[in-house]
Amino acid sequence: YSSFTSAPTFLDSSLLCARTLFQPLYCGRSNRDGLTTNLQLEEEHCLTAPIVRAPSNTTWEVRPSIGKGLGVFATALIKTGTRIMVEEPLFSINPPEFVPGKGYEIQAMIDDVDVAVAGLTAEQRSDFHSCHEYRLPSEQESDEHRNMFIFRSNAYTLTDGTVAMFPQIAKINHSCRPNAANVWSEASGLRIIWAARDIQPGEEVTVTYAPLLKSHAGRQSRLSQYGFQCTCAACVDHERTDSERVKMGKYLSELEDRLTRNTSEFANKKLLPKALALVEMLELEHMMDYLPNAYHVAAEISLRLKDSLAASKWSTKALTLHGYADERSHAVLQERLFLDRISP
Ligand SMILES: C[S@@+](CC[C@H](N)C(=O)[O-])C[C@H]1O[C@@H](n2cnc3c(N)ncnc32)[C@H](O)[C@@H]1O
């Protein structure tokens, strides 16, 4: 294991961490969480859903961000729900097995990344080399593994376990109170960044690199592998925000866990206020990486309580957020199937 195996993973869209109940199932793939799906609807949906496109007019630019290297800034008002960037992987690799407490056996990855970079066009290679390269203090002198250092500082783990580079999206800095959501759509083979709230002209666009429903200390330890400590408003105010974040995380995992089993009416009546409180807390923070799941949880509990009107309202909200990312995604399809179940 090389010295940087202890700096473990890759940029980690919190969406993937959040999505435990509502595992994405995508068109053309097998049903991985055992739910019954309507294959005919799935196929029809694939044929009719619009293809996700990159925004035609560019509403952002890359420029220096004080204390953070480069960053992405809005050049015009970007309204909530607008797709800001849509990018396909420049390349991806299959990482070796992750060994808990140690990390990845890095030598195999170094070779794979070097081979992948060598296979790029000159323009693509220059895009790759334009990305930030963080090195641990012990790695300062080594120039041999430059491609791997860049890869480690920018790549994302995808839902199939491969790790991929998105050089444009890699210019977006982190915030623990991000204004943009970050979604990988397996259905479209695209990573999509969309505005979680209105972003003003001149404002920096941010996503999260770490799960957000953790305490400040938990988030910082995750971020240290990228060589920085976050100083966003949520971090500065962490004594106040920590308890909320931890509470949201606890509620979400408890609710998702309960909904994997049958629940009595009595239990559902106790779960509903928690689900509504969770939705309210997430909405206040514009936490779009988690809100679709929370909406879906509220819909599921409402349905179990036979309140189909409320179930439909929450499910429609989840559908809207999933649709902002990608109309073709399996998340959209799943939510449509849920709505169909309520009102066939
Ligand atoms: C994926 S890159 C983001 C773009 C990068 N700033 C650049 O110049 O290309 C990740 C690196 O950006 C910097 N970074 C990202 N978010 C930051 C933040 N909130 N505060 C300070 N540095 C940050 C860190 O150096 C981190 O290793």
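Modeller: By class, the lining of the largest pocket holds 12 nonpolar, 13 polar and three charged residues, where Ala, Val, Leu, Ile, Met, Phe, Trp, Tyr, Cys and Pro count as nonpolar, Asp, Glu, Lys and Arg as charged, and the others, Gly among them, as polar. The model is a predicted one, in which local features need pLDDT of at least 70 and side-chain atom pairs count only at pLDDT 80 or more, while totals for chains, interfaces and linings use all residues. Residues are numbered from 1 along each chain as its sequence is written, and side-chain values use heavy atoms, with hydrogens and water left out.

A pocket here is an open set of points on a 1 Å grid over the protein atoms alone, where a 1.4 Å probe fits, with protein on both sides within 12 Å along at least five of seven lines, and its lining residues have an atom within 4 Å of a point. Of the 28 lining residues, Lys 68, Asn 173, His 174, Tyr 209 and Phe 228 lie nearest the centre of the largest pocket. Strand S2 (69–74), helix H5 (146–154) and strand S9 (173–174) each supply at least two residues of this lining; helices (H or I, at least four residues) and strands (E, at least two) are DSSP runs, numbered from the N terminus.

Thr 208 lies in the loop between strand S12 (204–207) and helix H6 (216–223), and a polar atom of its side chain is 2.7 Å from the backbone oxygen of Ala 210.

How values were computed:
Polar contact = N/O pair within 3.5 Å; in protein donor to acceptor, adjacent residues only side chain to side chain.
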